[in-house]
Amino acid sequence: MNIAYGIVAGLLALFYLYAGVAKVFRSPDQLRPMMAWVDRVPLPVVRTLGTVEILGAIGLILPPLTGVAPWLGLAAAVGFVLLQVGAITVHLTGEDRQIALNVALVAAAGVNVWLATTWL
């Protein structure tokens with residue numbers, strides 16, 4: 001189970017690290033082709049979401065890897081489930097309505113939650 005957790009958490013961490021860094025450092029014009037919702041949300045909220053994603057990616061990997069507060073891996077995975085539920089809501093209330101990636105991320109984070117509970 002630890003190997004499975006590491007694989008799923010690693011893939012999620014890579015995705016969220018990339019997405020978070022993009023949200024923190026790119027301009028709205030650079031984000032718009034990837035994220036149609038960026039015009040409907042104030043820029044400080046986009047930057048905050050990016051920071052949360054970066055911290056969550058670190059939380060998925062570092063605590064279980066070091067053995068220091070490994071429950072933070074579970075907390076990060078639960079946080080990503082909640083984040084994606086919110087993202088699905090934003091997409092469905094907007095014009096883009098493309099939620100396939102968000103559904104896949106909810107599923108992956110849900111699997112990660114389950115895997116984290118097996119070794120805690």
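Here are legends for a few close-up views of this predicted model. Residues are numbered from 1 along each chain as its sequence is written, and side-chain values use heavy atoms, with hydrogens and water left out. Since this is a prediction, local features need pLDDT of at least 70 and side-chain atom pairs count only at pLDDT 80 or more, while totals for chains, interfaces and linings use all residues.

**View 1. Helix 4 alongside helix 5.** The axes (lines fitted to C-alpha atoms over the stretch in contact, with angles from 0 to 180 degrees between N-to-C directions) of helix 4 (residues 71-93) and helix 5 (residues 100-119) come within 8 Å and cross at roughly 160°. That makes the two helices roughly antiparallel, a label for angles over 145 degrees. Helices here are DSSP runs of H or I, at least four residues, numbered from the N terminus.

**View 2. Where helix 4 meets helix 5.** Contact means heavy atoms within 4.5 Å. Among the residues meeting here are Leu-74, Phe-80 and Ile-88 from helix 4, and Val-103, Leu-105 and Val-113 from helix 5.

**View 3. An aromatic cluster of Phe-15, Tyr-16 and Phe-80.** Rings of Phe, Tyr and Trp (its six-membered ring) pair if their centres lie within 6.5 Å; planes under 30 degrees apart are stacked, over 60 edge-to-face, and the rest tilted. Phe-15 and Tyr-16 sit 5.3 Å apart, centre to centre, with planes at 85°, so they are edge-to-face. Tyr-16 and Phe-80 are stacked, at 3.8 Å and 5°.

Methods. Angles under 35 degrees count as roughly parallel, over 145 as roughly antiparallel, 65 to 115 as roughly perpendicular and the rest as oblique.
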